[in-house]
Amino acid sequence: MQSKDSNLNGTVALGSHTVSRKKKSFDWRDYIVYLAFIGVIIYFSVTLHDQGFVSTDNLLNIIRQTAMISLMGLAMTFVISTGEIDLSVGSIAALSSLTAALTIQAGFGMIGGVAIGLGTGLLVGLVNGLLVTKLAIPSFLVTLGTMGTVAGLAMWITDTAPVPIVDATFNFVFGSGDIGPIPILLVWTVLATIIAHFLLRKTSFGRQTLATGGNESAARFSGVKTQRIKLLVFLGSGFMAGFAGLLYAGRMHAGRFTFGEGDELSVIAAVILGGTSLFGGVGTVIGTVIGSLMIGTINNGLIIMGLDVSQQMMIKGLIIILAVAFGKKAIKR
Amino acid sequence: MEKPMLSMKNISKAFNGITVLNSVDFSVKKGEVHALMGGNGAGKSTLMKILTGVYTADQGEIYIDDQLVEINNTDDARKNYISMIFQEFSLIPTLTVAQNIFLTREDKTSIGLLNDKECVEKTRKLLQELEVDIDPNELVGNLGVGYWQMTEIAKALSQETKILVMDEPTASLTKKETEVLFSFINQLKSKGYAIIYISHRMDEILEICDRITILRDGKHVATEDCKQIDLDMVIQYIVGSGMDKAFEWKEREYAKDAAPVLEVKNLTVGSKVQGVNFNLYPGEIVGIAGLMGSGRTETVSAIFGTGPKDSGDIVVNGKPVTIKNAPDAIKAGLALIPEDRRVQGLVLEHSVKDNIILPILSKMQKGFFIDNKKANKVANDFVRKLNIKTDDIYKTTNLLSGGNQQKIVLAKWLANDPSVLILDEPTIGVDIGAKTEIVDVVRELADSGKAILVISSELPELLALSDRVLVMHEGRMIKEMQRRDIETEEELQHAIQGF
């Protein structure tokens, strides 16, 4: 007993003396997005109090407006956690809204529309994933290419004409409906967030996603099938972009090639603002949702303030640069 | 006699027709620490990569506990209870210690989710058993190097392991960390693990190992009991008899009474470099010899401003200079040719000419534009002077051979007319023919009055080039030898081992 105790003490002493270990300390930069979000809410609540910023209606509206960005952001969190990027999500959403609408119009019903809409997303995700993993083309280039191709395809299949959806159930479930006071888009957002959070934090898939982005060769040495992980995250991103397309379609009662235009920027910004490292290895699902809500809140506040689109874009851009600059730790890592 | 736990028999391997291993035998017993030694390119790493399934042998068998086993990939190696401790390749800095140790083998809850609590508990127990004080929840990126290594070992031992391969495990450790590691290795030994220990440091090997196997030029030279062997024998085995023709030394003439070009006074970098002093004279080639981790690289980076420096003065041509970064050093008249020239020295996608004129662009300008005539002339001059084999100066550099690429790097720095040229491992990765040529070019440069500092882990190369050799050991400059006084490579081997 005596010897065992002294032995333990011995190693403890060695440990604290021989090796310089950085102390774990509170770093406010880890929480920058939460602080910023609270700051934004407080600011708008005070300055826009009379214009109804804090009304339940307006807050639910923010949720509705950000749902698509949040959902695509959840999947993008996985993509960026592996150190990759997916620029094609906005275009996929547009194409999926159209393929779903066309399928429903052709009489295959809601189930058919949903299947084809999601299938469209999965297919583009598969192409992205295969090009990145099999041909080893950087994902930035692959998805820049598919972004353009898919956007063109979306314009071409209906010759830029919108496709109305008259299926009331579809429109209710995918976007327009409210369950009591709760918008169905909020339900989808919460549901997907919970699933994504558990997927990233509590499953082997999530752990291996983070490992792949943290140090790919080390992950491979440890038995992680990094190529498969990458393929899966692109599939996931395509699927969620397809889903966002369905939500756009349901909310607007139509499929249209302009849906999701420019969303890739908001989605990536939301993920990075949330604290996911652009260099992979560090990811947070909750952060992404907060990041997305923050962008939505800023948009909403600026509209209520009466700023026009050009001013909104400038302010949004500046805020993103500032937030990322303050949270620079993630980049230096 | 005790039967070996692992035996590798008749192992051969060739890459692109060049034999790297030539029917090598190697065996390790249970509870034994077995050192594997040999010079650069002797075949140590290739043999271990075959054992761990990174490469497959062209010929030969591997037996574990007398059973013939097939090892075709890293999974096979793991199934046969073989683990390798990599320097730093298999840990993920953004995950915690426990997450790293159990990566891909995590415990699951009843519904298939990761059971991190269980993993942390197991890790805590494992680390306690190994008597290592690390918090399982700490991010690996926050750990010091010593703990990084132990985490690595803990990871290997967390799965059933019988044979543990360690490749230069002390290279990045301090003396105290090394002691901790050694008591750890002794503990593993008493628990019956077979440990293969690759190192260049004789003192360590004599301290920790039971037997030693030496390879040279891909062949098995000797296996000896560590108690019955001394440094001289080992060095004899490693060096062999025949000296490489490419590395013949020629005594050079240079003015020995000139004022020094470079004076380094009391240079200190933490514990890595402790009060190093030396001078460099015009027309002289000086080599710095030392083992990995002896501080030679740190010394040079501190001089050139690419690495940290705590104190010490640097005087160039009689004038004290302040060097905070590479541009300062270049302005002061120094040039450093880095070891990894493909990455650090060349823009491979650019032409020979563009690479050569890159550091002197400001001198090539005529008004706002680059003076093409002048640039072409400079480039052509160097191609001729250094005998660079290329069709013309517009050829992309990645199409040239390693030796010619090295010469372009040389040209690139010479274009700025430095007074001191520092070469880090100048002939690593180039073929024999090009080696000779580079040696010749370096000699010519010295003849033209430049002072040259060479660091190299290949002793034959140092011996071929240097007029004077400085020996570093554990951060100190322990010896200065005139080349003409060194009769054999063994003498230098002795010196760098710190004896």
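Student: How do β11 and β12 of chain B pair, and over how many bridges?
Tutor: In this predicted model, strand β11 (residues 262-269) of chain B and strand β12 (residues 273-280) of chain B are antiparallel and share five bridges. Two strands count as paired if DSSP finds at least two bridges between them. Helices (H or I, at least four residues) and strands (E, at least two) are DSSP runs, numbered from the N terminus.

Student: Which residue is the bridge partner of B:Val269?
Tutor: The partner of B:Val269 is B:Val273 in β12(B). The hairpin of β11(B) and β12(B) has three residues between the strands, and B:Gly270 takes a positive phi near 50° there.

Student: What conventions apply to the numbering and to the confidence of the model?
Tutor: Residues are numbered from 1 along each chain as its sequence is written, while chains are lettered from A and ligands numbered from 1 in the order in which they are written. As the model is predicted, local features need pLDDT of at least 70 and side-chain atom pairs count only at pLDDT 80 or more, whereas totals for chains, interfaces and linings use all residues.

Student: On to the open sheet in chain B: what is the strand order?
Tutor: The order of its six strands is β6-β7-β8-β3-β9-β10 (chain B), with mixed pairing. At the edges are β6 (82-85) and β10 of chain B, each of which pairs on one side only. On average, neighbouring strands of this sheet are turned by 20° against each other, direction ignored. For such angles, axes are lines fitted to C-alpha atoms, for helices over the stretch in contact, and angles run from 0 to 180 degrees between N-to-C directions.

Student: Which way do β7 and β8 of chain B pair, parallel or antiparallel?
Tutor: Strand β7 (residues 163-167) of chain B and strand β8 (residues 194-198) of chain B are parallel, with five bridges. B:Leu164 stands opposite B:Ile195 in β8(B).

Student: And what does β9 of chain B pair with?
Tutor: With β3 (residues 33-37) of chain B, strand β9 (residues 211-216) of chain B makes four bridges in the parallel sense; B:Leu36 has B:Thr213 as its bridge partner in β9(B). The hairpin of β9(B) and β10(B) has two residues between the strands, and B:Asp217 takes a positive phi near 50°.

Student: Which strands does α8 of chain B lie across?
Tutor: α8(B) lies across β3, β9 and β10 of chain B, at about 25° to β9(B).

Student: Where is B:Glu168?
Tutor: B:Glu168 is in the loop between β7 and α6 (175-190) of chain B. Its phi is near 45°, a positive value in a residue other than glycine.

Student: Why does B:Glu168 count as buried?
Tutor: B:Glu168 counts as buried because it has 20 C-beta neighbours inside 10 Å. A residue is buried if 20 or more other C-beta atoms lie within 10 Å of its own, exposed if 12 or fewer, and partly exposed in between, with C-beta atoms placed from the backbone.

Student: Changing topic, which residues of α17 in chain B are buried?
Tutor: In helix α17 (residues 489-496) of chain B, the buried residues are B:Leu492, B:Gln493, B:Ala495 and B:Ile496. They fall within an arc of 160° seen down the axis of α17(B), so they line one face of the helix. The arc is that of the directions from the helix axis to the C-beta atoms.

Student: What covers those residues?
Tutor: The cover of the buried residues of α17(B) includes α8 (231-239), β13 (285-289), α16 (459-465), β21 (468-473) and β22 (476-482) of chain B. Contact means that the C-beta atoms of two residues, placed from the backbone, lie within 7 Å.

Student: Finally, into which domains is chain B divided?
Tutor: Chain B is divided into domain 1 (6-239) and domain 2 (245-496), with bounds from an automatic or database domain assignment. Taken over C-alpha atoms, the centres of domain 1 and domain 2 of chain B are 35 Å apart. In contact are 11 residues of domain 1 of chain B and 10 residues of domain 2 of chain B.
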